[in-house]
Amino acid sequence: MTAAALATAAYGGVLAVAFTRDGSVAAELAPGAALGTLFLLFALARGGVLLGFALWLAGASYVAGIVAAGHAVDATAPVVALLLLLCGELAAWSLDERPWILAGDLLEWRRGAALGGLALAGLVVSALILALSAVPAGHGLFWTALGAAAAVGVAGTAAALAGR
Amino acid sequence: MTRFTSPRVSAYAALAASGLVAGLALGRVEPVALAAPFALALVAAAMAGREPHISARLSLERERAIEGDEVTATIELSTDAARLELLPVLPEELATEDGAAQAVHLRPKEERTIELTLRCERWGALSVGPLLVRARDPLAFRSWEAAVGEPQLLRVYPREETLRSLVAPLETQVFAGNQVSRVRGEGIEFADLRAWQPGDRIRRVNWRASALRGELWVNEQHPERNTDVVLFLDTFAEVRAEGRSTHDRAVRAAATLAHVYLQRKDRVALVGFGGYLSWILPQSGAKQLYAIADTLLTSDIVHSFAIRGVDVLPPRTLPPKALVLALTPLLDDRTAAALLDLRARGYDLIVVEVSPVEIVTPEPGSRLELPHRLWRLSREALRWRYEQVGVPVVLWRDDEPLAAPLEEVNAFRHLARPA
C-alpha cells in the first residue's frame with residue numbers, strides 16, 4: 001500500500017512538472033494526463049500492461065510541455081526521468097507483495113536498496129546525458145572518439161543483452 | 001524451472017525506444033534523458049538473468065496423526081536467489097497458524113531449516129507437498145518457478161468418542177469372548193436351575209436348592225462368547241455445509257465402534273456401501289483395527305446412478321447372526337432398500353441415522369421452510385417403515401455424543417423384543 005501511494009505521488013510529480021512548463025497548453029495536456037492516471041490506478045489495482053501506457057502518457061505529457069515552452073533545455077529532465085522510473089518500480093513492487101506470504105523486513109530492505117541504487121544510477125546517467133548535450137559538435141578529436149566509443153558500447157551492450 | 005519475465009521489462013523497452021525516437025524527431029535531449037534510466041533498468045534486468053540454484057526437501061515429523069493433532073513439517077532449504085518464495089501444497093484438511101507461504105533470502109551456500117506447524121482439521125490420507133518455489137532477482141525483473149521435493153503421505157485418523165456401553169447383539173458366535181450369551185452352557189453368569197441329569201458335573205450341583213427340594217438340582221450358566229459386528233457405512237450421499245458433514249461424523253462413529261468392539265475381542269467387518277463399494281472381512285485384533293481405519297481414511301462420497309443391492313457384497317462380509325450397525329444419513333433410496341433387504345434376511349440390524357437436518361435448517365420465515373418440513377416428513381415415513389419390520393432407527397443429532405443413540409438402542413431393546 002505504501003509503495004502504491006509513493007508510485008502515485010511520483011506520477012503526480014511528473015504531471016506537475018509537465019503542467020508547469022507552459023501553462024498555455026495545460027488544457028491540451030489534461031486529457032492525456034487524466035487517462036494516464038486512470039491507467040496507473042487500474043494497473044495498481046489489477047496489474048497488467050497498463051502500467052507501461054501510464055508511464056508513456058506521463059512522459060509524453062512532459063515532452064509536450066517542454067516543447068511548448070520553447071527551445072531551452074529543461075534542467076529538470078533527470079528528475080522527471082527519476083520520478084517516472086520510481087513510479088514504475090514502486091508500482092511493480094506493490095503488485096509483487098502478497099499479504100499472505102510471510103516476508104521479513106530484511107527482504108524489504110534489500111529490494112529498497114536495489115531500487116535506490118538503480119534510481120541513483122538512472123539519475124546520474126540522465127544528468128550525464130543532459131550535460132554532454134551541451135558539448136558543441138565538432139569540438140575536437142577527443143569528443144568525436146568518445147562519441148564513437150559510446151555508440152559502439154551501446155551497440156555491443158544491446159547485442160550482449162539480446163543474447164541472454 | 002520455468003522462467004517468467006515481468007511485463008514491465010517490455011514496457012521499459014518501449015519507453016526507452018520511444019524516448020530515443022522522440023529525441024531524434026524533435027531534436028531535443030530531454031526525451032533521451034527520460035529514456036536513459038529505463039535503458040539502464042533493462043541492462044540491470046538482463047544482467048540479473050542467471051537461473052538460481054534451489055535445493056529444498058520437505059519432511060514430516062511423523063506419518064500418522066489423529067484429528068486435532070499438530071504435526072511439524074520441516075523444509076531444508078538452500079538457494080542463491082535474492083528472494084525465494086515457498087508455498088507447500090497443503091490439502092484443505094490441514095491448517096497452519098500464519099499461513100504456509102514464506103519468503104526468504106539466504107546467503108550463498110547457507111542452509112536453512114524452516115518448520116511449519118500443521119494442524120490436522122479433518123481425517124484422511126493426505127498428501128503434503130510438493131513445494132512450490134518462486135525465485136526472483138533483486139528487482140523482480142525475472143522470476144523462476146518450480147515444484148521441488150516429493151509429496152509426503154500423512155494419515156490423519158478420525159477422532160474417537162468415549163463410549164461406556166455398546167449395543168449387544170441378539171446372538172453370539174461360537175468362540176470365547178466378552179459378551180454374555182443368551183444360550184446356556186459353561187460360563188460364569190448364572191442363568192437358571194434345573195434338575196440333575198446323568199452326566200452333570202458334581203461341582204455344578206446347587207446344594208441349597210437340592211436340600212430344599214429333596215433331590216439334586218444343578219446351576220446353569222450363560223457362556224461368554226464373541227460376536228460378529230458389521231459396520232455398514234452409507235457412502236452414496238452426504239450433506240456438507242459450513243465445515244459440518246454427515247459423512248465425517250459417520251466415519252468418526254465407525255472408527256470409534258470398530259475400536260471398542262475389537263477391544264472386546266469381537267470380530268468386526270466394514271462395508272462401505274455407495275458409488276464406490278469397499279469391504280473388509282470380519283476379523284479381530286489390532287491388525288484389523290488398522291485395516292478398518294485405513295479403509296475409512298480413503299472412504300469418500302462417490303455419486304453413482306448404479307442400482308446396487310446387498311447381493312453385490314461377498315457373502316463372507318456378512319456372517320450369519322452378525323449385528324449390522326448401519327451409519328447412514330438416510331438420503332439415498334438404495335441404502336434404505338439394502339438395509340430392509342438385510343433385515344429380511346434375518347440380520348440383527350440397527351440403523352443409526354446421522355442426522356443431516358440440523359445442517360440444512362432454513363432461516364425462519366424463508367420459503368424453504370415448507371419443502372424442509374416435507375422432507376422431514378418423508379424421513380419420518382421412512383423411519384416408520386423400518387420400525388414396522390422391527391428395526392430400531394435412532395437419530396444421531398449433530399450436537400450429541402455417539403453414546404446417546406446407542407443408549408437409545410439399548411432402551412429400545414429392553415422395551416421391545418425384535419422379531
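**Exercise 1.** Work out how the axes of helix α1 (residues 2-21) and helix α4 (residues 77-96) of chain A are placed.

*Solution.* This is a predicted model: local features need pLDDT of at least 70, side-chain atom pairs count only at pLDDT 80 or more, and totals for chains, interfaces and linings use all residues. Residues are numbered from 1 along each chain as its sequence is written, with chains lettered from A and ligands numbered from 1 in the order written.

Step 1. Take the axes, lines fitted to C-alpha atoms over the stretch in contact, with angles from 0 to 180 degrees between N-to-C directions. They come within 8 Å and cross at roughly 155 degrees. Helices are DSSP runs (H or I, at least four residues), numbered from the N terminus.

Step 2. Classify the angle. α1(A) and α4(A) are therefore roughly antiparallel (angles over 145 degrees).

Step 3. List contacts (C-beta atoms, placed from the backbone, within 7 Å). In α1(A), A:L6 and A:V17 are among the residues that meet α4(A), whose partners include A:L83 and A:W93.

**Exercise 2.** Describe the pairing of α4(B) and helix α5 (residues 286-297) of chain B.

*Solution.* Step 1. The axes come within 10 Å and cross at roughly 175 degrees.

Step 1. That makes the helices α4(B) and α5(B) roughly antiparallel.

Step 2. The contact includes B:A254 and B:H259 of α4(B), and B:L289 and B:I292 of α5(B).

**Exercise 3.** Find the contacts of B:A326, leaving out residues up to four places away in sequence.

Notes:
Contact = placed C-beta atoms within 7 Å. Helix = DSSP H or I, 4+ residues; strand = E, 2+ residues; numbered from the N terminus. Parallel < 35°, antiparallel > 145°, perpendicular 65-115°, else oblique.
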